[in-house]
Amino acid sequence: MTKETANYLCISCPISCHLEVEDDGQGNVVEVRGYTCKKGKTYGSQEHTDPRRMVSTTVPVTGGLFERLPLRTSAEVPRDRVHEICREMRKLTLAAPVRMGQVVLSDILGSGADAIAARDIPLAGQRKVKS
């Protein structure tokens, strides 16, 4: 078997290390080089074997102080599913009020991640969402 080396730019912290990930030719990580912190080593290994991303988008809100609500996923999802998960999240139209942290879509497409409101949207004419 021939060892292979892949290069990645780490996005775990602001340093943005240039990583080299060596595998055994069958996708198993042998070594990660170029990282400055532990996050970099973990990121390089994860990115090479099972790349994942957090997803965020916005959706319309009716009756609210603001017309759009930012959403984010509760967990990272497989990178190759980001576009379909975004499309599914964008099908939503929510009614105010909405609380920050509220789950607005559970287990998106069986990914294990929920869509979560990233801010409060009070009813139009109100300043705060009532508890």
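**Notes on the model**

1. Serine 16 lies in the loop between β1 and β2, where helices (H or I, at least four residues) and strands (E, at least two) are DSSP runs, numbered from the N terminus. Its phi is near 55 degrees, a positive value in a residue other than glycine. At 31% relative accessibility serine 16 counts as partly exposed, a class that falls between buried (under 20% relative accessible area) and exposed (over 50%), with a 1.4 Å probe and protein chains only.

2. On the basis of these notes: the model is predicted, so that local features need pLDDT of at least 70 and side-chain atom pairs count only at pLDDT 80 or more, while totals for chains, interfaces and linings use all residues. Residues are numbered from 1 along each chain as its sequence is written, and side-chain values use heavy atoms, with hydrogens and water left out.

3. Leucine 109 also deserves a look, as it has a positive phi of about 50 degrees although it is not a glycine. Leucine 109 is found in the loop between β9 and β10, and with a relative accessibility of 37% it counts as partly exposed.

4. The peptide bond that joins alanine 96 and proline 97 is cis, with omega at about 0 degrees. Proline 97 belongs to the loop between β8 (94–95) and β9.

5. Glutamate 22 lies in strand β2, which covers residues 18–23, and with a relative accessible area of 13% it is buried. Leaving aside neighbours within four places in sequence, glutamate 22 is in contact (heavy atoms within 4.5 Å) with a set of residues that includes Lys3, Thr5, Val30 and Arg33.

6. Which side chain meets that of lysine 3 in a salt bridge? The partner is glutamate 22, at 3.4 Å from N to O, a salt bridge being a side-chain nitrogen of Lys or Arg within 4 Å of a carboxyl oxygen of Asp or Glu. Because lysine 3 lies in the segment before β1 (4–9) and glutamate 22 in strand β2, the pair ties together parts that are 19 residues apart in sequence. Lysine 3 is exposed, its relative accessible area being 54%, whereas glutamate 22 is buried.

7. Glutamate 22 forms a salt bridge with arginine 33 as well, and here the closest N and O atoms are 2.9 Å apart. This pair links distant parts of the chain, with glutamate 22 in strand β2 and arginine 33 in strand β3 (residues 29–33), 11 residues apart. Arginine 33 counts as partly exposed, at 26% relative accessibility.

8. Elsewhere, the side chains of lysine 91 and glutamate 88 meet in a salt bridge of 3.1 Å, N to O; lysine 91 is exposed at a relative accessible area of 63%, while glutamate 88, at 24%, is partly exposed.

9. Valine 103 lies in strand β9 (residues 103–105) and, at 40% relative accessibility, counts as partly exposed. Leaving aside neighbours within four places in sequence, valine 103 is in contact with Asp114, Ala115 and Ile116. Valine 103 and leucine 71 are 32 residues apart in sequence, and their C-alpha atoms are 9.4 Å apart in space.
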